[in-house]
Amino acid sequence: MDEKVYGYMDWPRIEAIVYGEETAPRDVMGPRITQDGVLIQGFFPDAEEVSVISGKKTYACEKEDEAGYFAVLLPVRKVPEYRFLIKMGETEKECYDPYAFPCQITEEEEKAFCAGVYYEAYKKLGAHSMEIKGVKGTLFAVWAPNAVSVNIAGDFNGWIGRATIMHRMPMSGIFELFVPGVEAGTHYKYEIKVKGGEVLLKADPYGNSADHDPEGASVVADVSAFQWNDGDWMKERHRFDDRKQPVSIYETSLEEWKSAEELVEFLAEEDFTHVELHPVMEYLDDITGGYSTYAYYAPTSRFGSVADFQKLVDELHQAGVGVILDWTPAQFPRYASGLERFDGTPLYERQNPAEAIHPFWGTLLYNYGSPMVKDFLISNACFWAEVYHADGLRMDDVDAMLYLDYGRNPGEWTPNIYGTNENLDALEFLKHLNSVIKERNPGLLLVAQENGLWPELTDSVENDHLGFDYKWSGGWTKDLLEYLSKDPIERKNYHDQLTMSMLYAYCEHYILTLGSRDVGTLKDFADKLPGSEEQKNAQIREAYAYMMLHPGCKMMAPDKDMPKELELCVKDLNNMYLAHPALYQLDDEYDGFEWVQLMKYEENVIAFMRKTEKPEETILAVCNFAAIPYENYNVGVPFAGKYKEIFNSDDKKYGGNGVVNTRVKAAKKAECDEREYSITLKLPALGVAVFTCTPEEIEKKPAAEHSQIKKSITKTRTVRKAAGKTKATVKTAVKPVTKKVTKEAPQIMNETEPKTVPEVKAKNTVKNTAKPSAKKTVKNISEIPVKKDLTEKK
């Protein structure tokens, strides 16, 4: 043994390396300048011979410990560029020394992480391909502050974790290491040695790709290589901040579509402004429909690669369609490789085991009191907005975040410092999250699914509220569906369920939902309704029409293979919605809505106006929920002028009976509904008639001025996409590939669940649980499998 080499070596810490207990291996094994040269060390378990190559010279290392610890003293004065040559049996490989490269996370970034304000943690934590001093490799970084030590095990080292020991940053407990030669596509996990000696094998919480099997490995992926072509959309997206833009959302899962091209063309053709996708983050199993997220930074491999999903979003943006992602920041699933007791302690979950478990799903609730846990989630929201260009996040299960007693009995929860049931840490987290994401990504929509009815959920953070843009209006949905479930003869006794929504329509900024968890498939929807098949279809059309006319943004989920007549009806509803500012411009103001007939409960009829500041943009809607038509129905109108039917849900082209109003109606001076003027119209059974209103003063304008006004109105009535949005036939460049069928799909059944949250207003939506059904999955998003039933969580 070389006495000089032996004298320079730190044997107590070398022993710690050999036994897997060293937390700062760079300090031990990094190249060191001595009086006698540069000391190079390396730990290579099971290696027979190790040499150091520097320039044209090769220096044989001496095996200083039988466990595989090697060292050599190079006769040079400064640290040269060098590589190890490792011989194991008949194989030899060269590699750079990972401990020769400095830490890539700065002190400022580490401090920001500890404070919960490192919003770009996704750029350093996880696994990131990079090049340092001309050497390509991957930076690995994971937060495990209570671990004894952390190693990386993967394809690149034969899954021998103790050969690649990570370096602990003392302030944060982040373990990091740049490993030269590791490329995209490499599978890996973290070996975490915890107090007591147990070794846990964990997936990467910040990993950008993951195996479909939750107990499988994380995968190194390059998320920065994609070339985006949606610059025009991204520049104009900020317009949605004013809440005066039309928002019509189609809810779906990628499982429903044979290809990305099919989805893009469907949405563009049907004139939806946005699509809401069930969770695309890698998830635990198919039964939950994607809501058991376990790899928050990785698109699920069920639908292809990282680039495949980026391409889908890019194509949707070029077609003028925004992308809202379902996101689960309330809870995470329990499995061996996941976040539960990640470093041997309750790190991501609540500290009290009795309060850490979700009372309905058995999952674990996040610890919002930890700045680093909050940073993990806020960074994740920024990641999907900034790396994948998502236009919105629909946060699931927000009530489970807000209420300490959510789903719990007395004695099963601990009140906050004020003795009440609000989760103060969650409140601060949501305020922090919503303010940061909006500041960094103007125009991004933040939507809450919250059933406990927290007051002023959509008021601003500046007003000390939570700062969501919208909330699912579960109360509207529940009331409407209960009303529609009644036989038309009985509906007069439930008339208030049809009109009650306007009592609270302006309490929040709402998204009205007739989505998959509300009504299921079209067959499920029809099964909820009384009458013949023809009457059921009429009521489905009427429900969608009433939603389009009611204040609030819209969300629906009719089957992608819906009948052509319904498909045309949905398209024309979106067309009408986009073309008429009265249907969206004053959604959140009392002046945008006015009842005409509120109490016609005997007739099962309601009539109302949607308005802007311009009288000529007024829309009149008359809805008949009775099973009989009215041949000469009188309704009061706002002023003298012309009234033209622009939509009728009973039109024969939609599969109706054709009880429509083909001629323009001139208002007559006959009092009705306490108004001076009225019109008489045909009102179809189980149908909706919609009219534009042109004041008499405009009709009497001079010819040139009148022509100009008419042109302006006509322009307004054309299919009008929001500013900066262009519509053309979509030609995607996604190429089909061979399907690989793997598992079966979930079928979700609606099921009401108990809640113990305090009642602030009327109760909103019902919960759903998942039950298995048939499903296909594939490897590439270009060949997304067809699924027979629309699915949803819970």
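Tutor: In this predicted model, helix α17 (residues 533-549) and helix α18 (residues 564-579) pack with their axes 10 Å apart, at an angle of about 10°.

Student: Why is α17 called roughly parallel to α18?

Tutor: Angles under 35 degrees count as roughly parallel. The angle between α17 and α18 is about 10°, and α17 is therefore roughly parallel to α18.

Student: Which residues make the contact, and how do they divide into nonpolar, polar and charged?

Tutor: From α17 come I540, R541, Y544, A545, M548 and L549, and from α18 come L566, C569, V570, L573, N574, M576 and Y577. They divide into 11 nonpolar, 1 polar and 1 charged.

Student: What puts the buried residues of α4 on the same side of the helix?

Tutor: The buried residues of α4 (residues 107-115) are E109, E110, A112 and F113. They cover an arc of only 160° around the axis, which puts them on the same side of α4. These buried residues pack against β10 (135-143), β13 (174-180) and α9 (371-386). After α4 comes G116, with a positive phi near 80°.

Student: In the open sheet of 4 strands, what makes β4 and β8 stand at the edges?

Tutor: The order is β4-β3-β7-β8, with antiparallel pairing. β4 (57-60) and β8 (91-95) each have a single partner strand, so one side of each lacks a neighbour in the sheet.

Conventions
Residues numbered from 1 in each chain as written. Predicted model: local features only at pLDDT ≥ 70, side-chain atom pairs only at ≥ 80, totals over all residues. Heavy atoms only, no water. Buried < 20%, exposed > 50% of the residue type's maximum accessible area, 1.4 Å probe, protein only. Helix = DSSP H or I, 4+ residues; strand = E, 2+ residues; numbered from the N terminus. Arc of directions from axis to C-beta. Contact = heavy atoms within 4.5 Å. Axes fitted to C-alpha atoms, helices over the stretch in contact; angles between N-to-C directions. Parallel < 35°, antiparallel > 145°, perpendicular 65-115°, else oblique. Nonpolar A, V, L, I, M, F, W, Y, C, P; charged D, E, K, R; others polar. Pairing = 2+ DSSP bridges.
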